[in-house]
Amino acid sequence: MLSAGEVILQQLMNGLILGSFYALIALGYSMVYGIIKLLNFAHGDIYMTGAFVGFFVFGILAGTVGSSWGGVILAMLAAMCVCGLLGFLIQLLAYRPLFDAPRLSLLITAIGVSLILYNTVMIITNGEYMFFQHSIPAGGLTFGNVTITWVQLVLLAITAVLMLVLSWFIGTTIWGKAMRAISLDKPTCRLMGINVNKIIGLTFFIGSALAAVAGVMSCVYYGSLHYFMGYMMGIKAFTAAVIGGIGSIPGAMLGGLLLGLLEAAGTQALGSSWKDVFAFSLLIIMLIFKPTGLLGKTEIERM
Amino acid sequence: MEHNENIKLQNIEVTANTAAAEEAAVEEPTVIQRKGIAGAWDNFVEGMYRLVETTKGKILVFGILLIAVGTMPLWASSYVLQVAWNAMFYMLLAIGCNIIVGYCGMCDLGYAAKFAVGAYTSAILVKTFGWNFWLTLPVVIIFAIIAACIMGGPVVRLRSDYLAIVTLGFGEIVRIVARNLEITGSASGISGIPRPYLFGVQLTKIWMWFFVFIILVIIFVIASNRLKNSRFGRALEYIREDEDAAEAMGVDVARYKLWAFIMGTVFGALAGAFYAMQMAAISPNSFQFLQSANILLAVVLGGMGKVPGVMAGAAFFAIFPEVFRDIGEYRMLIFGIALVIVMIFRPQGLWPERRR
Amino acid sequence: MTKKWLLLLIMVLTLALFAFGCAESGEPATEGQGGEEQAGEESTGEETSGGVIEIGVLAPTTGSEAYYGNDMVQSYQMAIDEINEAGGVLGNTLELFVEDDACDAAQAATAASKIISAEPDFVVGGYCSGATIPALQQFYDAGLIMLVSCANSTNITDLALEQTFMINSPGTHAVQTLSALLSSLGVTKVATIHQGDDYTKNLSDICEAQLPEAGFEIVAVEVMEKGAADVSAIVTAIRNAGAEFVYWCGYHADGSNVIKQLRQGGYEGYICCGDGSASPELITACGPDGEGVYVTSPPNVELAEGGEEYIAKYTDLYGTGPGAYSTLCYDTIYVLKEAIETAGSTDYEAVRDAIQNIEYQGLSGLIKFAENRELAVSNFIVMQIEDGAFKLIEP
Amino acid sequence: MALMEVTDLTMRFGGIVAVDTLTFNIDKGSITALIGPNGAGKTSAFNCLTGFYKATSGQILFEGQSLLNMRPYKITHKGIVRTFQNVRLFKNMTVMENVMSGCHSISKQFVGGALLRHPAQRKEEAEIRRISEEALKFIDILDLKDRVAKNLPYGYQRRVEWARAIASRPKLLLLDEPAAGLNREEKNDLVRLIRRFRNELGITVFLIEHDMGLVMEVAEKIVVINFGTKIAEGTPEEIQANPLVIEAYLGKDDDEGGPVQ
């Protein structure tokens with residue numbers, strides 16, 4: 001039996017870990033939505049692809065670099081590059097021809113891309129689960145009955161660092177500024193000499209690379225991976241992005257962490273069978289009372 | 001407001017430069033004649049449109065269709081009938097979904113929840129309470145309306161992307177609730193539902209259901225067309241085209257969106273009720289997100305708002321996996337690729353439009 | 001426009017690449033269909049020798065359960081090849097006609113009608129209960145004897161179809177065995193985790209119904225969605241409920257994740273898995289966290305007599321080891337063979353009665369049917385993971 | 001007699017006051033124009049009248065009834081119909097269907113009628129068609145009725161929008177820069193049309209416009225605003241002579257309307 005305080009501490013930790021996965025994926029959703037108003041359905045599958053790329057690279061490297069943190073970091077970098085390029089290519093081949101088409105067509109294309117990724121990985125892996133065997137030492141900090149492992153701490157640290165870097169990138173670099181400008185007014189950006197297509201490509205690259213980080217992290221933390229791991233994760237991450245205010249970068253982070261915590265709380269309070277109902281109900285209530293999300297900006301409609 | 005001035009200025013330029021050319025265009029609607037196969041296809045489409053415009057042509061085309069479909073049980077195996085039944089079931093759903101997505105332009109990613117409502121209502125009343133199936137239909141409609149109000153009421157004022165995610169959320173909620181409740185048979189669902197009787201005959205054979213569904217499809221098509229060609233249907237289309245302009249013309253946008261939701265749900269729920277009876281078993285697994293996505297894809301692939309188009313899309317959805325059964329796992333991959341290609345080349349859907 | 005055509009070209013090329021690149025991994029699926037093509041050419045033979053006895057197979061060869069579906073088809077195929085090599089059944093050769101239900105009710109209905117249209121003599125298969133149940137009704141309507149190899153939801157029994165037999169022990173048997181294990185361990189507070197689908201939820205429900213009668217307390221019932229990564233919140237909730245024993249009703253693929261997270265989350269009590277997890281892969285995937293975990297399972301291939309041969313042969317044929325339900329499927333074919341031989345024909349009534357009265361000692365244990373066409377005797381055993389292998393224990 | 005009375009209308013966006021205590025009347029059967037330089041708050045005022053913006057304070061009375069806090073569609077049902085500055089047609093629908101939308105506010109059949117097609121519904125549909133065709137004939141574009149709106153040239157799209165507006169048989173027609181994007185000839189047509197709306201159909205017309213020439217020609221009363229407040233009101237002659245107006249326009253002369261001639 002745990003004491004009430006221990007339960008809260010443990011669930012807080014659980015929620016934070018899960019939330020950091022959501023946040024990393026939600027960032028990609030939010031960035032893409034902000035810039036081309038597309039609900040990128042394939043994003044969850046990019047997360048999945050990232051996990052598999054990481055898994056295979058890790059397998060190859062295990063012999064030379066070893067199967068501890070070194071291998072994981074290298075696998076993560078490789079997955080980031082591959083998924084970044086993949087995201088860029090998807091954008092180039094599937095989405096770009098449709099930027100001026102009705103929004104629904106773009107959404108359907110995204111579902112199509114999602115199907116392609118999902119089924120390709122399914123065929124390659126023969127529909128089986130893969131298990132990620134690493135030799136990262138166990139152990140961690142112990143507070144009474146609550147243990148926080150080193151892996152958990154490293155995951156949280158990686159998430160925090162990536163978010164800070166991203167905030168810096170979006171906030172201060174010329175690229176980041178261009179991204180924000182495009183999300184406000186694409187035609188004007190063209191007139192101002194911004195290479196809009198290039199920036200959109202960059203956005204996809206970064207968003208996908210972040211999803212790949214989450215993918216490799218999930219390999220390390222959960223140890224198993226399969227071709228449909230992206231589906232529910234994608235939906236939850238999108239929910240997180242909406243809760244935080246879609247299109248807003250800090251919103252995605254906040255939304256992710258919040259959703260993670262809420263799910264942990266929901267599991268504790270209502271039981272795991274109602275956990276998702278709890279999460280989705282919150283989303284709906286949230287949208288009814290604050291449609292712009294927590295950190296989203298209200299747009300004044302202009303006629 | 002400065003922004004508006006810019007647009008106005010641009011417009012003036014455009015008009016000034018091309019005024020003469022446009023004047024000519026109005027006098028004589030010119031349709032660019034395409035060459036080769038595309039041209040032949042255009043001519044064929046135009047010809048077909050002309051044919052079904054006349055009463056005789058209508059009778060001819062629909063007569064042939066009806067005879068071809070009506071005699072199917074005589075020459076087709078039960079497998080073909082089952083596939084045809086499946087196609088018709090998808091058509092019913094697509095026609096219903098089309099009211100929400102095609103007519104009104106709302107993105108619905110949770111249509112499975114809507115037919116789940118009908119399927120479960122009917123199945124529970126028949127199996128648990130021993131009702132006659134035909135008597136459950138009015139109850140199904142009432143439940144569908146209630147469900148649509150709960151699901152649609154709060155969200156019709158939301159922006160379209162949020163609508164998509166909220167419908168998706170409701171889709172998941174309905175499935176999970178069905179899985180958790182005792183009355184819906186929890187995860188196993190409801191099985192062994194007694195087949196209903198029609199004119200004293202129990203509907204057990206697939207060819208019987210085939211005919212029941214033909215009649216249903218005809219009813220749905222007529223109802224859907226009637227809705228479309230009415231003040232109500234036009235209002236939905238105004239909303240799809242331009243919400244502000246629709247509001248300016250006196251359309252109560254929120255109310256009409258809600259009613260589009262209700263009509264879509266009623267159609268879907270009725271289809272679901274018949275589905276439960278034919279399958280004699282339903283479970284939460286039948287109402288997963290993939291199902292919703294399939295229906296939406298059928299509508300968009302076929303051509304939003306065009307009833308024959310969405311029916312073709314639905315038929316394609318039901319038949320495609322069957323034709324490609326032999327390539328097993330590859331079929332969904334090919335399907336995904338086909339979807340992307342179709343969207344890139346014909347974002348308005350596959351059904352040909354009359355060029356005027 | 002040229003740009004668009006260029007895109008089309010690129011896509012077609014990519015597709016072609018996929019098709020060639022993945023040709024190897026697609027092999028198992030086509031193997032079953034080889035039989036299908038031949039079956040189309042020949043007329044369905046009756047009991048005369050030299051003919052063909054066609055067996056329809058309903059299995060999820062694509063979709064989320066494709067792994068098990070393909071494993072089923074491979075096991076059937078292996079049994080059939082053996083029988084055909086040994087001279088067939090009553091001089092007839094056996095052939096498979098595989099249809100995919102993709103673990104989806106609607107597709108299962110279509111697959112079932114395709115099987116019926118092909119007019120086979122018998123039908124076997126059925127993995128996902130939810131997909132199998134609508135098909136069962138159709139097979140009943142068509143007068144085809146059905147041997148359900150894997151699906152073991154008690155809902156199938158509840159349908160009370162006179163020609164449908166379940167080769168796998170139903171959940172009630174598993175829970176009887178579990179109850180014995182609980183008594184021997186001397187624990188009272190039990191938590192179950194299922195995966196929200198028909199089979200695992202059914203097992204959990206049976207626990208909830210039967211265990212309290214036997215004097216145990218169910219302190220938590222949790223659900224982990226298939227493929228969901230994170231169960232840490234569930235682990236904390238279970239610890240908080242004070243469970244001394246966790247019964248994992250789900251499948252082995254997610255099972256390893258659950259066991260790892262239970263241990264990482266600080267749970268120190270007993271863990272037991274249901275038959276869905278009785279696979280050697282569970283051991284490899286769990287690593288050191290798996291030590292001491294119990295499994296209630298139908299007789300494991302490795303522990304059964306002749307099991308090692310079976311594994312060797314299967315691995316030799318297909319490159320991977322047999323899955324959890326492989327022997328059940330393998331035995332299904334042999335049960336059918338024996339029943340046909342007893343009946344002396346493929347006559348519906350005769351074969352049905354023969355199956356009803358059969359007593360067959362297979363790799364998966366004794367197959368003998370009760371009045372309700374479930375297995376009469378529970379064949380469940382309890383195993384424990386010790387030093388990276390399953391070890392039989394007597395509860 | 002005033003058909004619409006606007007009193008102390010104020011509209012704020014955050015800190016910006018777009019419309020500031022604006023007061024004016026629209027007389028029944030008149031042609032009234034609201035003018036002002038760029039960014040003077042014309043469109044904001046217009047959107048307040050039609051319910052698309054919620055006025056911060058003030059009062060709008062139509063036939064003695066307050067329009068404040070009324071949703072735009074309700075205002076249309078009261079007999080006020082508007083057009084848009086940038087033509088907002090239902091682009092993928094035919095001209096006829098576009099114009100039929102005008103009849104929405106004066107008809108009432110709903111789902112039941114649509115499904116059952118009972119005599120009352122059929123009669124109403126026929127009536128809608130008749131009114132729409134009349135409106136098209138009035139604007140002289142009946143021959144375009146089966147064309148898809150988006151394929152029409154801009155000038156004709158404008159005409160469709162006017163036909164749509166008069167099909168609703170409004171008491172008050174609000175035109176938002178109706179001359180924008182029209183050439184000289186089309187502008188002359190517009191002047192004639194606006195007069196015909198009033199003279200033949202008895203519709204009160206209120207317009208906001210940039211084109212001074214057009215306004216001076218057609219309007220009987222002009223309200224001039226700058227920085228959201230009214231600076232002048234009166235007949236075209238009075239306005240032309242008003243020094244405040246001249247200053248406002250000359251001081252910020254940057255639009256194609258040019259200074260007062």
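## Close-ups of a predicted four-chain model

**View 1. D:D8, a partly exposed residue.** With 13 C-beta neighbours inside 10 Å, D:D8 counts as partly exposed. (A residue is buried if 20 or more other C-beta atoms lie within 10 Å of its own, exposed if 12 or fewer, and partly exposed in between, with C-beta atoms placed from the backbone.) You'll find D:D8 in strand 1 of chain D, residues 2-13. Helices (H or I, at least four residues) and strands (E, at least two) are DSSP runs, numbered from the N terminus. Setting aside residues up to four places away in sequence, D:D8 touches D:T21, D:T23, D:S57, D:G58 and D:Q59. Here, "in contact" is a matter of two residues' C-beta atoms, placed from the backbone, lying within 7 Å. Take D:G58: it sits 50 residues from D:D8 along the chain, yet their C-alpha atoms are separated by 4.6 Å.

A quick word on labels and limits: residues are numbered from 1 along each chain as its sequence is written, while chains are lettered from A and ligands numbered from 1 in the order in which they are written. Everything here is a predicted model, where local features need pLDDT of at least 70 and side-chain atom pairs count only at pLDDT 80 or more, though totals for chains, interfaces and linings use all residues.

**View 2. Where chain D meets chain B.** Which chains have the most contacts among the 5 pairs that touch? That would be chains B and D. In this pairing, 46 residues of chain D are in contact with 40 residues of chain B. On the chain D side, helix 2 (72-77), helix 3 (95-100), helix 4 (111-116) and helix 6 (154-167) each supply at least two residues. Sorted by class, that side has 18 nonpolar, 20 polar and 8 charged residues. (Ala, Val, Leu, Ile, Met, Phe, Trp, Tyr, Cys and Pro count as nonpolar, Asp, Glu, Lys and Arg as charged, and the others, Gly among them, as polar.) Chain D and chain C, on the other hand, do not touch, and their nearest C-alpha atoms are 21 Å apart.

**View 3. Helix 6 of chain D, from end to end.** Just after the helix, D:R169 takes a positive phi of about 50°.

**View 4. Helix 6 of chain B.** This one covers residues 111-127 of chain B, and its 17 residues should span 24 Å at 1.5 Å a residue, which agrees with end C-alpha atoms 24 Å apart. Since 16 of the 17 residues of helix 6 of chain B are buried, the rest of the structure largely encloses it. Zoom out and chain B has 15 helices and 4 strands, with 53% of its 356 residues counting as buried.

**View 5. The largest nonpolar core.** A nonpolar core is a set of buried Ala, Val, Leu, Ile, Met, Phe, Trp, Tyr and Cys residues joined through C-beta atoms within 7 Å. The largest one here has 447 residues, and those with the most contacts inside it include A:I25, B:M91 and B:A314. Helix 5 of chain B (residues 78-103) gives the most to this core, with 19 residues. Leaving aside neighbours within four places in sequence, A:I25 is in contact with A:H43, A:Y47, A:A211, A:A214, A:M233, A:G234 and A:A237.

**View 6. The two domains of chain C.** Domain 1 takes in 46-169 + 306-363 and domain 2 takes in 171-297 + 380-393; such bounds come from an automatic or database domain assignment. The C-alpha centres of these domains of chain C lie 29 Å apart. Across the boundary, 12 residues of domain 1 are in contact with 16 residues of domain 2. The domain 1 side of that meeting has 3 nonpolar, 9 polar and no charged residues.

View 7. pLDDT is the predictor's confidence in each residue, from 0 to 100. Chain B averages 81, and 88% of the residues score at least 70. Over residues 1-25 of chain B, though, the pLDDT is below 50. In chain C, residues 11-47 stay under 50. Where pLDDT is low, the predicted coordinates should not be read in detail.

Conventions. Expected span 1.5 Å × (residues − 1).
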